[in-house]
Amino acid sequence: MNPLSVGSQAPIFTLLNQQEQPVSLNDFHGKKVLVYFYPKALTPGCTTQACGLRDSKSELDKLGLVVLGISPDTPKKLAQFIEKKSLNFTLLSDPDHKIAEKFGVWGEKKFMGKTYDGIHRISFLIDENGKIIHVFDKFKTTEHHQVIVDYLRSL
């Protein structure tokens, strides 16, 4: 696994959202975008992380940030996640993990003594021109939203 770094151009992608509508990174040209990768909808850590972003949405809006969450889940599962947790941002389906691979966040993981391939919990802050300006890779799911808010305030 080799995540993209600050200064890299973010890969352009189009994925289906929770309503099975195509969403492209190009749709947000001219805006700051947080592309956050998470392993699986409706699991404890991913729910904590998503709910933190949900609860910070008005602050993130004031700071001019668009939030896009990406996981290998199907659009149907993403719709369930949004409905059950009242999420207020877009989730995108990357079932073949091609976009996760382009961002360098798909790789070996270990959990409860098992080794497998999966998405690593890493977020990329992309500027108005599609360049990665910050990589968030060291945070607790309970603090993810605050780390993002604090970083944006420091700009």
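Modeller: This is a predicted model. Seven strands make up an open sheet, in the order β2-β1-β5-β4-β3-β8-β9, and their pairing is mixed.

Biologist: Which strands are at the edges?

Modeller: The edge strands are β2 (22–24) and β9 (132–136), and each of them pairs on one side only.

Biologist: And what is the average twist from one strand to the next?

Modeller: The twist averages 35° between one strand and the next.

Biologist: Now β3 and β8: do they pair in the parallel or the antiparallel sense?

Modeller: Strand β3 (residues 32–37) pairs with strand β8 (residues 123–126) in the antiparallel sense, over four bridges. Within that pairing, Leu34 has Leu125 of β8 as its bridge partner.

Biologist: How many bridges join β8 and β9?

Modeller: There are four bridges between β8 and β9, and the sense is again antiparallel. Ser123 has Phe136 in β9 as its bridge partner. The hairpin of β8 and β9 has five residues between the strands, and Gly130 there takes a positive phi near 85°.

Biologist: Let us turn to the helices. Which strands does α1 lie across?

Modeller: Helix α1 (residues 44–55) lies across β3, β4 (65–71) and β8, and it runs at about 160° to β3. Helix α5 (residues 144–154) lies across β3, β4, β8 and β9, running at about 150° to β9.

Biologist: Is Gln49 buried or exposed?

Modeller: Gln49, which lies in helix α1, counts as buried because its relative accessibility is 0%, and the cut-off for buried is under 20%.

Biologist: Which residues is it in contact with, leaving aside neighbours within four places in sequence?

Modeller: With those neighbours left aside, Gln49 is in contact with Tyr36, Tyr38, Arg121, Ser123, Phe139, Thr141 and His144. Ser123 is also the residue whose bridge partner in β9 is Phe136.

Biologist: A change of topic: what volume does the largest pocket have?

Modeller: The volume of the largest pocket is about 210 Å³.

Biologist: Which elements give two or more residues to its lining?

Modeller: Those elements are β6 (106–111) and β7 (114–119).

Biologist: And which residues line the pocket?

Modeller: The lining of the largest pocket consists of Pro39, Pro72, Trp106, Lys109, Lys110, Phe111, Tyr116, Asp117, Gly118 and Ile119.

Biologist: How many of the lining residues are nonpolar, polar and charged?

Modeller: In the lining of the largest pocket, six residues are nonpolar, one is polar and three are charged.

Technical notes
Residues numbered from 1 in each chain as written. Predicted model: local features only at pLDDT ≥ 70, side-chain atom pairs only at ≥ 80, totals over all residues. Heavy atoms only, no water. 1 Å grid on protein atoms, 1.4 Å probe; cavity = no way out; pocket = protein on both sides within 12 Å on 5 of 7 lines; lining within 4 Å. Points joined across faces, edges and corners; volume = space filled by probe spheres on them. Nonpolar A, V, L, I, M, F, W, Y, C, P; charged D, E, K, R; others polar. Pairing = 2+ DSSP bridges. Axes fitted to C-alpha atoms, helices over the stretch in contact; angles between N-to-C directions. Contact = heavy atoms within 4.5 Å. Buried < 20%, exposed > 50% of the residue type's maximum accessible area, 1.4 Å probe, protein only.
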